[in-house]
Amino acid sequence: MPAAEQARIPRLKTREFRYLQHYFYQLTGIYLPDSKRELVEGRLARRMRFYRLHQYTDYIEILQQHPQGVEVQELINRLTTNETYFFREPAHFDWLKNYLQTYQKTQQARSKLRIWSAACSTGEEAYSLAMLCSEHLRPELWQITATDISEDALQQAKSAVYEQARIRKLPAYYMHKYCLKGVRSQAGNLRVAPEIRRQVDIQYLNLMSSYPVHWGNFQIIFLRNVMIYFDLESKRQVIEKLIRHLAPQGYLILGHSESLQGIVHPLKAVRPSIYQKCVA
Ligand SMILES: C[S@@+](CC[C@H](N)C(=O)[O-])C[C@H]1O[C@@H](n2cnc3c(N)ncnc32)[C@H](O)[C@@H]1O
């Protein structure tokens with residue numbers, strides 16, 4: 001990039017970064033460490049160009065003046081990390097397969113199996129769960145709820161369209177059975193089949209806010225690869241809220257690199273990163 005152009009790129013000053021750090025933490029529970037300063041600057045550069053701003057103080061003013069405004073959501077869309085893929089951390093899906101086989105034998109006449117993909121990002125986790133459920137249970141016996149804080153990610157989750165290159169972790173069996181190949185303008189894309197899509201209810205939810213009154217209980221909650229971005233206090237708050245929506249004997253699944261260390265909770269570890277609620 002020419003030096004003159006480089007010089008025009010607004011720089012995020014320390015006090016501006018501190019403000020955004022605090023603001024974003026209050027908003028999402030995500031703590032942006034100092035090492036992320038350049039990343040924040042890079043991810044917000046397009047917003048600065050969009051508003052033709054030369055200093056981040058003016059951008060911060062937009063956020064302050066419109067606390068319910070679109071820019072707050074844009075900030076969330078830009079600063080969340082949405083990396084995900086189909087059947088990520090396969091050991092959890094092996095565990096779920098066993099769970100579903102037992103469920104099928106023992107629970108069929110009882111209530112519907114509800115699974116929550118909390119922080120579902122662009123939907124791959126929720127659709128992987130749905131494909132597995134579909135292998136074992138009749139559609140009326142189960143439902144997946146998928147939530148996230150990024151509207152951009154949710155939009156893609158709702159479209160259920162994925163570039164073929166991004167679908168590489170999806171086993172061929174599921175791809176052939178549950179995906180439709182795009183043609184013409186959609187060539188190179190796959191779309192999750194309607195019988196899977198209709199089992200997945202996709203909604204906006206900030207895990208740090210209060211949850212809808214009718215939210216109800218889930219037998220299994222997947223909360224994977226989101227708490228890595230939280231500090232201990234945010235983790236504590238989210239776990240406390242989530243557990244209220246975990247059915248008695250229900251399971252909470254975390255990402256392999258996450259744990260409940262430092263948090264008081266009524267769960268017992270049944271496997272690495274899999275916890276069961278022991279109290280009603
Ligand atoms: C790395 S992705 C994980 C996706 C998926 N669970 C997985 O394991 O592949 C993390 C997701 O958490 C979401 N997230 C971060 N903070 C959140 C919050 N406070 N409430 C809801 N979702 C949040 C982000 O938008 C992002 O899509």
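Is Asn-225 buried or exposed, going by its relative accessibility? At 14% relative accessibility, Asn-225 counts as buried, because anything under 20% relative accessible area falls in that class. Keep in mind from the start that this is a predicted model.

**Around Asn-225**

Asn-225 sits in a loop, the one that runs between strand 7 (218–223) and helix 11 (232–244). Leaving out residues up to four places away in sequence, Asn-225 touches Arg-88, Glu-89, Gly-255, Ser-257 and Glu-258. With one of these, Glu-89, the side chain of Asn-225 also makes a polar contact of 3.4 Å.

**Helix 5 and what covers it**

Now for a helix. Helix 5 spans residues 70–79, and it is mostly covered: seven of its 10 residues are buried. Which residues of helix 5 are buried? They are Glu-71, Val-72, Gln-73, Leu-75, Ile-76, Asn-77 and Leu-79. The cover over these buried residues includes helix 2, helix 3 (37–51), helix 4 (56–65), helix 8 (151–159) and strand 6 (200–204).

Take helix 2 from that list. Two packed helices are described by the angle between their axes and the distance between the axes. Helix 2 (residues 14–28) packs against helix 5 at an angle of about 95°, and their axes are 12 Å apart. That angle makes helix 2 roughly perpendicular to helix 5. Where they meet, helix 2 brings Tyr-23, Phe-24, Leu-27 and Thr-28, while helix 5 brings Val-72, Leu-75, Ile-76 and Leu-79. An α-helix has 3.6 residues a turn, so residues three or four places apart point the same way.

Arg-15 belongs to helix 2, and Arg-15 is exposed, with a relative accessible area of 56%. Between the C-alpha atoms of Arg-15 and Thr-122, which are 107 residues apart along the chain, there are 33 Å.

Glu-71 lies in helix 5 and counts as buried, at 3% relative accessibility. Setting aside residues up to four places away in sequence, Glu-71 touches Arg-47, Tyr-51, Tyr-59, Ile-62 and Leu-63. The side chains of Glu-71 and Tyr-59 are joined by a polar contact of 2.5 Å.

Arg-78 is in helix 5 too, but Arg-78 is partly exposed, with a relative accessible area of 23%. Its side chain makes a polar contact of 2.6 Å with that of Glu-74. Beyond its neighbours within four places in sequence, Arg-78 is in contact with Arg-43, Leu-44, Arg-47 and Asp-152. How many residues separate Arg-78 and Leu-44 in sequence? They are 34 residues apart in sequence, yet 6.9 Å apart in space, C-alpha to C-alpha.

| Residue | Partner | Polar contact |
|---|---|---|
| Glu-71 | Tyr-59 | 2.5 Å |
| Arg-78 | Glu-74 | 2.6 Å |
| Asn-225 | Glu-89 | 3.4 Å |

Arg-47 turned up among the contacts of Glu-71 and again among those of Arg-78. Arg-47 also lies over the face of Phe-50, at 4.6 Å from the ring centre.

**Rings**

That brings us to the aromatic residues. The structure holds 17 aromatic pairs. One of them is Trp-95 with Tyr-251, an edge-to-face pair at 4.8 Å centre to centre and 65° between the planes. Trp-95 lies in helix 6 (residues 90–106) and Tyr-251 in strand 8 (residues 246–254), so the pair ties together parts that are 156 residues apart in sequence. Both partners are tucked away: Trp-95 is buried, with a relative accessible area of 7%, and Tyr-251 counts as buried at 15%.

Tyr-173 and Tyr-174 also make an edge-to-face pair, with 5.3 Å centre to centre and 80° between the planes.

The charged end of Lys-169 sits over the ring of Tyr-85, 4.4 Å from its centre.

Technical notes:
Residues numbered from 1 in each chain as written. Predicted model: local features only at pLDDT ≥ 70, side-chain atom pairs only at ≥ 80, totals over all residues. Heavy atoms only, no water. Helix = DSSP H or I, 4+ residues; strand = E, 2+ residues; numbered from the N terminus. Buried < 20%, exposed > 50% of the residue type's maximum accessible area, 1.4 Å probe, protein only. Polar contact = N/O pair within 3.5 Å; in protein donor to acceptor, adjacent residues only side chain to side chain. Contact = heavy atoms within 4.5 Å. Phe/Tyr/Trp six-rings, centres within 6.5 Å; stacked < 30°, edge-to-face > 60°. Lys NZ or Arg CZ within 6 Å of the ring centre and 35° of its normal. Axes fitted to C-alpha atoms, helices over the stretch in contact; angles between N-to-C directions. Parallel < 35°, antiparallel > 145°, perpendicular 65-115°, else oblique.
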